[in-house]
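This report walks through selected features of one structure.

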Amino acid sequence: MTATSDGALTRKALLRFLTCGSVDDGKSTLIGRLLYDTQLVLEDQLAALERDSAKHGTTGEDLDLALLVDGLQAEREQGITIDVAYRFFSTPRRAFIVADTPGHEQYTRNMATGASNSQAAVILIDARKGVLTQTRRHSYICALLGIKHVVLAVNKIDLVEFSGERFHRIVADYLGFAAPLKFASVTSIPLSARFGDNVIRRSEHTSWYDGPTLIEHLESIDVSEGLEEKALRFPVQWVNRPNLDFRGFSGTVASGVVRPGERVVVAASGRESTIQRIVTADGDLSEARAGDAVTLTLADEIDVARGDVLAHADERPEVVDQFAAEVLWMIEEPMLPGRSYLMRIGTQYVPARVTSLKHKTDVNTLEHMAAKTLALNEIGFCNLATATPVALDPYADNRATGAFVLIDRFTNATAGAGMISFGLRRATNIHRQALLVDKAARVRLNGHRPAVLWFTGLSGSGKSTIANVVERELHALGVHTYMLDGDNVRHGLNRDLGFTDADRVENIRRVGEVAKLFVDAGAVVLCSFISPFRAERRMVRELLAAEEFIEIFVDTPLEECQRRDPKGLYARALEGKIKNFTGIDSPYEAPQNAEIVLTASPLGPEEEARRVLEALRTRQIIGS
Amino acid sequence: MSTSTRIALTPHLRRLESESIGIIREVAAEFRNPVMLYSIGKDSGVMLHLAMKAFHPSKPPFPLLHIDTRWKFRAMIEHRDAIAERYGVKLLVHTNPDGLARGINPISSGSQLHTQVMKTEALKQALDKWQFDAAFGGARRDEEKSRAKERVFSFRSAGHVWDPRNQRPELWNLYNTRISQGETIRVFPLSNWTELDIWQYTRAEQIPVVPLYFAAPRPVIERDGQLIMRDDERMPLKPGEREQERMVRFRSLGCYPLSAAIESSAATLDEIIAEMLASRTSERSGRLIDSDEAASMEKKKRDGYF
């Protein structure tokens, strides 16, 4: 770093930006060029680069600057960027963090990851090719993630003879397309990453261009996001309780400013108090602003926990359990409406499900299309419902309280990313009718407790046969029962559903809700469904009180079910005449913690039913 | 912590500080049994300082863990014990007993085997022994190419395996802290710091560092173009080698036979920062373990190295 005083380096505000481009646009080369020309490539790294260029390089005799940034071995060998890499460089005026993200459609999630923490985006275009489908995709994702400033880097300008005419035509094309995306600024720069024209050094070949070089422009972008002017949002991260005399709420101010003496409210509960102190290791503060990590104490002993959001009483976030959002899907297994995911918003985890998928957006054409599921890298506009109300803001107003991720509840994979559009007020407007006769009253009248006996297992495992015997025995004991199975549900309530994964999820969701109503009525409900997915069985379990759901796994091996094949279904599935048949071309996820596991008894279904009844007595569902 | 002559943090450092504190608190809030890896170096010093700030007036709700290869500079061990005392935090120390029994050392075993057994294996043993589910490390993304893609919350499947292709996307600051039995997370609160940030913060916050970072006349030998300080008698001289006193300091500290010194006259934090700004080599160039083989850091990380 030349002629840079220590003092100057410390004064600049950090800019985080991402670069988007496809395989051959020269994205990694551009970042390599920025590092090289700001002299952040050090002697030992340069020596390594020379070695690597000879081994993997694609630029002949020259240094291949892209090799500076393609970090993982697999990427270097394949000559592409797979993952998001973060690069650091600085000039005398500013420090930068670059998120280098791959541009292929199959890496949409990586681009979104890079964009989520960036304030600006550099979108590369190959001057020979002009605005392409991928350019539209990159721009749309940037806009979706809330990027305000776009730099259109028209790269490889050397390969079109530094043609101004070509450059202006590309810029006009782009501006026409990008207008609806409403970026705050679009700056177009002709450059050659490989030779350095207009990156740091002004090119002598583009005399027709009088705008800034890339680095000049990046140094001047205004990144103040106005976070301090927004309403106060303080997500409580950790309750700080060293002794009985101190109870503080640690967290980072997401937006706004907070001062001692101000009235604040816990968004979800509506309880109010006054800020007493703003505690830090460096002493108490007179105010904390957006971005500050502090510990707040309150004047009153009110209930506050991790996940709560503190706000000023007159500027509260919405508190809703239903909202609409754009969701980007990030795992191989598709997003299924109705399935329960874990949602992380702010410092809180809450179960959530997509109640309806309104449409998905083609990232290349921006067209809306009807869809039942979202596949990896697809983006859809959805309604979601959470298990408990959460405090939130639209993403456009506040990135910190308007963004969420969805987590797969079994693998813990980060499955989706969401940007909230608006809250749906239905939850707060429909107050439930309080009832005079409740479940407890019905239990007293019936003389037994309600429950759901959920029989799961492969087709032909004997679920329905056993369930029938159990119901006969329960009835004989004077227990109110009802049987729900494929026959009486598929022909009526669920007549509109098929056997795709999405329809199977919805089938089980509806059955779960019906079962819940019967439980409320005091009945023992016998449900006999293949129900192949753990997630859906868990969804039903969570609709009910813990002791009310009894999962009964009829663990008959696939070979035995195929041998029995009472309805001839396996034979037809194996011939390919039935699609999505569980155990053949659709998976069955066996229960891991079923309350009752029935392995085939030589004494037949009567013996297995006896074991179920015994378990019901042990659990005091029925008297002994 | 003395605050008397402190200079105010720049907005840039304050932002880095807040971000790191947020990450550290997140781990305390979400994990059952976290631990902070303490390697005694300048990055560890900053990380520990940030942890003290994050939980004030409480103490950090986790212990420190030092993986002792028994080949650290003596000055490092003294510093470690003094720091644990000064901050009043619990310090755990673990050395791989099998490695000791086998006599593994950086000189005759070679740096690769020594690092594998005494650092990587030892770390895994310690994490298993105390059943830690999250471990803080002081690594920064600017250090090395494969580090540039590291997550802040880096997921390890059972057996401490790091699969670079199977890392969770990290959007915003919404870290996914969910793990199953046997899985662990390594957390890097200093991901977005650069070496310069570390030194400027160390100066601003007056964080104590091992004196070896400052230039002083020290006895060194020249070996394969690197200056090695012979910290004790265990390292034999090769024919023709002789100790000579030079004005040197260390940019990076590890096992002494594997940590090369640089010639320098920078004896204060101001001078170190000035020297850094003029420097043309990266700090890891003095790390003899990185050049073992191509993409060596990635390989080590897959094996469980920090």
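## Second largest cavity

The lining of the second largest cavity divides into 4 nonpolar residues, 5 polar and no charged. Here Ala, Val, Leu, Ile, Met, Phe, Trp, Tyr, Cys and Pro count as nonpolar, Asp, Glu, Lys and Arg as charged, and the others, Gly among them, as polar. The lining residues are P235(A), G307(A), V309(A), I345(A), G346(A), T347(A), Q348(A), A391(A) and T401(A). This cavity holds about 70 Å³. The count is 7 cavities of 30 Å³ or more.

A cavity is a set of points, on a 1 Å grid over the protein atoms alone, where a 1.4 Å probe fits but cannot get out; lining residues have an atom within 4 Å of a point. Points are joined across faces, edges and corners, and a volume is the space filled by probe spheres set on them.

## Basis of the model

The model is predicted: local features need pLDDT of at least 70, side-chain atom pairs count only at pLDDT 80 or more, and totals for chains, interfaces and linings use all residues. Residues are numbered from 1 along each chain as its sequence is written, chains are lettered from A and ligands numbered from 1 in the order written, and side-chain values use heavy atoms, with hydrogens and water left out.

## Chain A

Chain A has 18 helices and 27 strands. These are DSSP runs numbered from the N terminus: helices are H or I with at least four residues, strands E with at least two. Of the 624 residues in chain A, 57% are buried, meaning under 20% relative accessible area (1.4 Å probe, protein chains only).

An open antiparallel sheet of 7 strands runs β7-β15-β11-β12-β14-β9-β8 in chain A. Its edge strands are β7 (234–235) and β8 (238–243) of chain A. Two strands pair if DSSP finds at least two bridges between them. β8(A) pairs with β9(A) (246–252) over 4 bridges. In that pairing, N243(A) stands opposite F246(A).

## Chain B

Helix α1(B) (11–30) lies across β8, β9 and β14 of chain A, at about 60° to β14(A). Angles run from 0 to 180 degrees between N-to-C directions of axes fitted to C-alpha atoms, for helices over the stretch in contact, with contact meaning heavy atoms within 4.5 Å.

Helix α6(B) (195–205) has 10 of its 11 residues buried, W199(B) and Y201(B) among them. Just after α6(B), Q206(B) takes a positive phi of about 55°.

In chain B, 4 strands close into an antiparallel barrel, in the order β7-β8-β10-β9. The twist averages 70° from one strand to the next. R223(B) has Q226(B) as its bridge partner.

Technical notes
1 Å grid on protein atoms, 1.4 Å probe; cavity = no way out; pocket = protein on both sides within 12 Å on 5 of 7 lines; lining within 4 Å. Buried < 20%, exposed > 50% of the residue type's maximum accessible area, 1.4 Å probe, protein only.
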